[in-house]
Amino acid sequence: SKNLVLTKPYTIAYKTITEVENVFLLITLENGIIGIGAANPDFQVVGESPADVLKTYQSDYFQKFIGKSIKYFRSMIYDVSIAFPNKPGTLVLWDIALHDAFAKYLNIPVTAIYGQHIHALPTSVTIGIMDVQDTLRQASEYVQQGFKVLKIKTGQEVELDIERIIKVNEKFHNIKIRVDANQGYEVKDLEQFIKATNKLGLEIIEQPLLVGKETELSEIDKQYRSILVADESLKNSKSAISFTPSPQPYGIFNIKLMKCGGILSALEIATIAKVGGIDLFWGCNDESIVSITAALHAAYACVNTKYLDLDGSLDLAEDIVNGGFILKDGMMSISDKPGLGVELNS
C-alpha cells in the first residue's frame, strides 16, 4: 500500500482531496511473468477503503490459488467475487493483476483478449470546484498542454456553476466541456443549469442528483436526459439493469473499475448498456497508471465506448510503474506490449 501525493489538490461537491492511497498486488507465474494490479476504491461510493483491501489480502484466503494455472484466470476472478461480495476494491486488485499476467502469458495486450474496437479517444481533464478566475486559469493551463476536453466539477452553487461554464465556453471556443455535479443538485437546480447552458453544446452532465433519486430525472426532457451520466448511482451490473428500461434516467453510463470490481465486471455493464442503447463513459479515481491503463484496455474492447475521463494518474506526484497508456495532445492510446504494458520502476 502506498500513499501517492497529489500535485494539485482539488474540491468536489462532497470533499477535498489532497492525497490518495493505492494498494498494489504482484502475482508471479512459474515462468517469472509478473502480473500487476492496483486498487483505490472510494469509501464514500462503495463502502470499502484501500486499508480494507490491504487487510483482506493479508488473510489466508488467497493462499488457495498458489499453483493454479493462469489459464483459469476468469474462474479465479469469479471465485473472489463470490467470496468477497460488495468488495469491488478487493476484486479489482485481483482482476487487473490476473488480466495482466494472462495477457503477458499469451504475449498479447489485455484488450486483445476481448478484441479491440477503438484505437484512440480524447480524455477529459478535471477542474475542481473553484472561483471563475481560477477555473479560467486552470483551463488555460490544460489547453496549452494540448487537451481538447475539460471536465468541470460543479454542484455547490448553481449560479456560480453556470457562470464558470459560460466563461470557459466564451474563452475557449474549440474546447469540449463536460460537467460533473457529484450529486450536488436538486431537480430544480438541474433544470436551471440546463436552461442556462443548453445552447453551449455541453457533452455531458454527470451524476446531477443524489443516489436514489433517479426516478426524479424523468421530469427532465428526454433530449437532455440523453447527456446525463450515471456515476455514483451505477455501481455494478445490477444497477445497470435497473437503469436500462424506459424511461431511461441516463443516456450514458460511467464505468469505473474501482466501483464495479474490474475488467470482467466492467464488460458485464458494457454489454447491458449496449443492449439498452446506452453509451459508455470510462471514469476513474486518483489512481496509478496500472489501473488507468486497465480501464483503457477495457474501454477499447467495447463498441459503445464514446467518452474517456481517465486523467486520474496525471496529478500523482509519484507512481510505482512506468509505461502503460500513451497520451499525446489529450488523445489516449495503448501500446502493443504484452499485458498492460506497464513496468515496475527500478
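Mentor: Let me start with a term we will need: a residue counts as buried when its relative accessible area is under 20%, as exposed when that area is over 50%, and as partly exposed in between. Please also keep in mind that this is a predicted model.

Trainee: Okay, so is Phe-102 buried or exposed?

Mentor: Phe-102 has a relative accessibility of 11%, which is under 20%, so Phe-102 counts as buried.

Trainee: Where do Phe-102 and Tyr-105 sit?

Mentor: Both belong to helix H4, which covers residues 88–106, and they are three residues apart there, about one turn of the helix.

Trainee: How many aromatic pairs does the structure hold?

Mentor: There are 14 aromatic pairs in the structure. There is also an aromatic cluster made up of Tyr-57, Tyr-61, Phe-62, Phe-65, Phe-84 and Trp-94.

Trainee: Switching topic, how many helices and strands are there in the protein?

Mentor: The protein has 13 helices and 16 strands. Its radius of gyration is 20 Å, close to the 20 Å that the globule rule gives for 346 residues, so the protein is as compact as a globular protein of that length. Of those 346 residues, 58% count as buried.

Trainee: What about contacts between residues at least 24 apart?

Mentor: If we take the contacts between residues at least 6 apart in sequence, 71% of them join residues at least 24 apart.

Trainee: Now the backbone: which peptide bond is cis?

Mentor: The bond from Ser-246 to Pro-247 is cis, with omega near -5°, and Pro-247 lies in the loop between helix H10 (237–242) and strand S10 (252–255).

Trainee: And which loop holds Asn-182?

Mentor: Asn-182 is in the loop between strand S7 (176–180) and helix H8 (187–197), and its phi is positive, about 45°, although Asn-182 is not a glycine. Gln-183 is found in the loop between S7 and H8 as well, and its phi is also positive, near 70°.

Trainee: Why does Asn-182 count as buried, and what about Gln-183?

Mentor: Asn-182 is buried because its relative accessible area is 5%, which is under 20%. Gln-183, at 17% relative accessibility, is under 20% too and therefore counts as buried.

Note on methods. Residues are numbered from 1 along each chain as its sequence is written. This is a predicted model: local features need pLDDT of at least 70, side-chain atom pairs count only at pLDDT 80 or more; totals for chains, interfaces and linings use all residues. Side-chain values use heavy atoms; hydrogens and water are left out. Helices (H or I, at least four residues) and strands (E, at least two) are DSSP runs, numbered from the N terminus. The radius of gyration is taken over C-alpha atoms; the globule rule is 2.2 Å times the number of residues to the power 0.38. Buried means under 20% relative accessible area, exposed over 50%, partly exposed in between (1.4 Å probe, protein chains only). Contact means heavy atoms within 4.5 Å. Rings of Phe, Tyr and Trp (its six-membered ring) pair if their centres lie within 6.5 Å; planes under 30 degrees apart count as stacked, over 60 as edge-to-face and the rest as tilted.
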